[in-house]
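Morning. I will go through the aromatic contacts in one model, then a helix that one of them involves. The structure goes up now.

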Amino acid sequence: MYSVLKIKSKKTISLLILVATIISPIFATAQSVSSSPASTAITIISYNGNDANGILAFEHGQIAFYAYAVPPSEYTSLPPGAKAYLLPSTYYDILVNPLNTTFGFNPFQFQEVRFALNYIVNRTYFVDSILHGYGIPAISLYAGEPDVIHLQPTLSKYANVHYNFTYANETIYKVLTAHGAQYINGKWYYDGKPITVYVFVRTDSTVRREYAEYFITQLQKLGFTVQQIQGNLQKEISVVYGSDPANTTWDILIEAWGGTYGYYDSSLAIGLYSTLGASDPYSSYYGLSMGTYNDTKYESPLLLKEANELDNLSLIIAQSQFTSAQEYYQLYNEIVNLGINMSVRIGLGMSLTPIYALSNINGIYPSFAQSTLLSFQTYYSITNGSYPNVTIGVRHLSQGSANPGAGFTDAYTDEIGNALFTPSSLTVPGSGYPVPFIYTYKIVNITPHAVVPVPSNALWWNPTTQQITKVPPNTTAQMAVIYNLAPLFNNDKWADGQNITLADIIYEYIVASEMSLNSSNPIYDSTASSVYAPALQTIKGFKIINSTAIEIWGNDWFFDPTEAVVSLFGSFNPLGYALAGGGYFPWQMYVGMKDVVAQGKAAWSEGAAQSKGVDWLNLVSPTDVGYIISALQNASATGYVPKSLQIVENLSGITLVTPQEAKAGYQAAINFMKTYGNGLIGDGPYILVAWNPSASPPYAKLIRNPYFHLVPPSNALASPTMYSVSLSVPSTVSPGQTFTGTVMGTPAGSTTAVPTPNAIVNIELLYPNGSIISGYKLMTNASGQFTFSVPSSLLPGSYLITVSAYSNTSILINPVTYTLVVLPSITTTTSTTTSTTTTSTSVSTSVSTTTITSVSTVVSTLLSTVVSSGSNIGYIAVIIVLIIIIIALAVLLFRRR
C-alpha cells in the first residue's frame, strides 16, 4: 500500500499516508477556471531558529503568524484578537542506538536495557513540565490519531508502564553485570573504563534541549557517564541519520517529527519501526541501516530477528497481502507491539502547542496530517484583510535539501513546498482523510486476491531489463482503476508555463523505478529504494486510454476501496519523499536531475552524498541549478526525448511528446531557472521567485501562479474543531447505574467552546492493569450530551473508563480517564411471622468530590443493612469485600494526585 512515505519533521522519513477518497465519475466535468489563490504574493521570513525574534515580530504585528509551535509562556503579550490554532504539531520520541559502536561499550545493545528506559522517560513529566500541558503522552508512535482506537489491543498491554526508577535501575544492573560490566561507587565501568553514553542535544529546540537535560540526569542517576553532542538539525542529519550507527559516537537522540498523524496510518509504524523507512539505526535482510549501511554483522541475534519480523509484517501490509480489515489490524498491532518491545524508538508524546495568528488573517487551515498551518489549503485561501500580500514567519527556510528523489526531508523545506506543488489528493484538515484532487477515477475491478487479469498489451517497468516492456504473460493484480487527469491538465500548468501532460505522469513512474528497483542503474539510490521500491513493486501494469486518462493495475487492495484507489495512484507516482506532490516536475527537469546524479555531481539522498563525497542534490542551490541548466541545454540542442518515453509511445501507439514540444519544455525550464535562480518548477498555487537564505533576515518570495485554477473540494476546506469531554462519575457506582457527560467543541481559531451535537463519543471500560473489558460508541444529542450506563453484569471492584470525542471531520483521540468503583447490589431480607420480603438496594453517592469520608458513609450504611439481616456469614463476606474496595480506592486516589 502506498509504501512508507510521509512523516515530516525536524528530520523526515518516508511515509506515504494510507489514504482514502470519494468515488467520482471518471469523465466528470472539468473544474471551473475562475479560481486562483486568494493572495497575490506571500513573503516568508526566516528567524534562523531564534524563536524569540519570531515571537516579537508577531507581537508587533509584522508577520501574520510565526509558523512554529512554541509554549504560550514564551509570548509576552498577544496582539488584540489573536486567534489560537491547536493541532498535533510535533511527535517526540527517544531514538536509541542499538549497536555496540566502535567507540566503546554501548549498554543499549541489550534489549532489556533499552526497554527499561521506558521506566525513566517519565512521559507525564514531559507533557506537564516540558510541553506545559499541551500534549498527549504515548509509549508508541501513535498519539491522538484515529488508529489509536484500533491499536488498543496492543497499547493496553503497556498501560502500567509508568515512571519507576527503581525497577529500571534493578533491570539494568542485572543485565549489565551479567555481561561483564561493573558498578563501582555509583558508576558503571566496562573493561576498566567508564561506560559513556553520548547524547545528541538539539541546541536550537527548547523542548528537546530541556527534555534532554532531564533525561541526562536520569542516565547519570543510573550510573552512566554522559557526554553531550550539541548541534542543530543539519548537524543531527549528518551525525545521526547520515552516519553508520556501528561507527558513530551517538547513543541517544531526542527526536521530533511532524506529519505523523494519519487516517489509515500503518505507514507510520512501517516507516519508523521497520527498515523500509530508511531511518532506523539497524539493518535487516531487506533494508539497510539509515537506508545506507549494512550492519547485520554488528547486531545482536535478537535485534536482527525482530528487524526481519518487522520488515516481513510491514511488507505484507505495504504490498496488500491481507484480505480483511481484521487481518490488517492484527498485522498492524503486531508491528506496533514489536516496535514497542524493541525500544529503539521510545515514545514520549504528541505536542498540541497552539500557534497564534493576527485577528485580520483569515483562510488558515491547520493540517493534522501535515502538522502545520502552512498547508496547501492555507496557501490557497489565506488573506490579510483587504491587503493583497501576506508575510509569514518561519523558523528556517530549510534544514535539508529540495529534490524529489530523497530530498524534502525536513518540515521547513516542505512547508514552503506546499505552496509550490499540487498533491494528487488533499486531506480533510482535521481528520487526515484524503480527498482526490487532480483526477477523477473509475474502479474497474477490485478484490483482495490477485486474480484480476492484466491485458497483454499493458506496460510496466521491467527491473531486470531496466526498460519499459509489455507485462509478462498471465500477469494478474488485485485491482484496476482508470484515472482521468483532465481536472489537472485543464486547470493547471507548470510554473514555467508549459502544459502538464501524461508524459510527466508516466516519466515520474519511470524515474522512480530507475532510482529504486535495480542497484546497477546509474541513478540508483539505496535510501530511495528503501522508500519507493515496496510501492513500485505493487504496480503490475498501466495502459494509456487517451490524452488525459490512464488505467493502472496493481496490488494495492484495501478494505476501504477509496483508500485503495488513492494508494494505487500514489504507488505509480511515489516521488517527493515527505512532501505531498513533491514528485511533480516537468519530465524535462527529471532529464536534467538524472544527468547530474548519473555523472556523480550530486546524489538524491544525504547518505549517498556523504558516502560519495558529493552534493546532496538541491534545487535551490545555485551550483546544482547550474548543473541542471547545462544538462538541459545539451538536451534541448537535439530535441532529446528519453528512450523510455519513446518506447511507451511505440508500444501504445500514442504520441506523448514531439521533439518540438521537448525543446519548448527544455527552453521554458532553462528560462525559469535563469530568471528565478531555482529549479522548483511545480504546479502549485504559487511560484518561488526569490530564495535568499544569506540575506538579513533570510527570506523567500512567492507570487501567485497565473496558470493555477484548480478548486479544492469543499470537504478539504472543512475547518477542524477541538473537542473536550466532561463526565460526572460518582465516587462509587452500582451495576446498571447511568451518568451523563457533555462534549464541548472549540473551532480552529476560536477560544470559545460550545456544546457539540452529533459528536461521536468513544468509551472504553478497562481493568486496572489497562486490559480492555468492553468498548462503546455513543452519539451526543442536540445539547451535546450523552449518557453511559455501568454494565449490569459488572462485578464489584475497581475499574477505569476512558472517554474521548471526535467527529468525521475532526479526530484527535485524547482520552480522559476516570476511576470507577463498583459496589455490589445489596439484598436485604426482612422476616415476619406471616411473610418474607426480599429487596435489592443499589447504593450510590454524590459525584466527583470523592473522599474517604463518603466511602465510610457507604460502608456504615451497608453494614447496618447487613447486620439487620441477622446473617453472620453475609456480614463477614461484605466486610471483606468492602475492605478490598476501600484499599483499592485509596490507592487510586493517591495515584490521581
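Aromatic pairs, then: the count is 54, and the model is a predicted one. Take Tyr439 and Tyr441 as an example. Their ring centres are 6.3 Å apart, which is inside the 6.5 Å limit for a pair. The planes meet at 65°, so this pair is edge-to-face, the cut-off being over 60 degrees. Tyr439 and Tyr441 are both buried.

Next, Tyr483 with Phe569. Here the centres are 4.9 Å apart and the planes are at 55°, a tilted pair. Tyr483 belongs to strand E24, residues 479-484, and Phe569 to helix H17, residues 561-572, so the contact ties together parts that lie 86 residues apart in sequence. Both of these residues, Tyr483 and Phe569, are buried.

Staying with H17: the helix has 12 residues, and its first and last C-alpha are 17 Å apart, close to the expected 16 Å. How much of H17 is buried? The figure is 11 of the 12 residues, so the helix is largely enclosed by the rest of the structure. Among the buried ones are Glu563, Val566, Leu568 and Phe572, as well as Phe569.

Back to rings. Ring pairs also join residues into a cluster, whose members include Tyr142, Tyr263, Tyr264, Phe322, Tyr433 and Trp557. Phe558 and Phe559 are in that cluster too.

Last, charges over rings. Lys221 sits over the face of Phe165, 4.5 Å from the ring centre. Arg395 does likewise over Tyr68, at 4.2 Å from the ring centre.

That is what I have.

Definitions and conventions. Residues numbered from 1 in each chain as written. Predicted model: local features only at pLDDT ≥ 70, side-chain atom pairs only at ≥ 80, totals over all residues. Heavy atoms only, no water. Phe/Tyr/Trp six-rings, centres within 6.5 Å; stacked < 30°, edge-to-face > 60°. Buried < 20%, exposed > 50% of the residue type's maximum accessible area, 1.4 Å probe, protein only. Helix = DSSP H or I, 4+ residues; strand = E, 2+ residues; numbered from the N terminus. Lys NZ or Arg CZ within 6 Å of the ring centre and 35° of its normal. Expected span 1.5 Å × (residues − 1).
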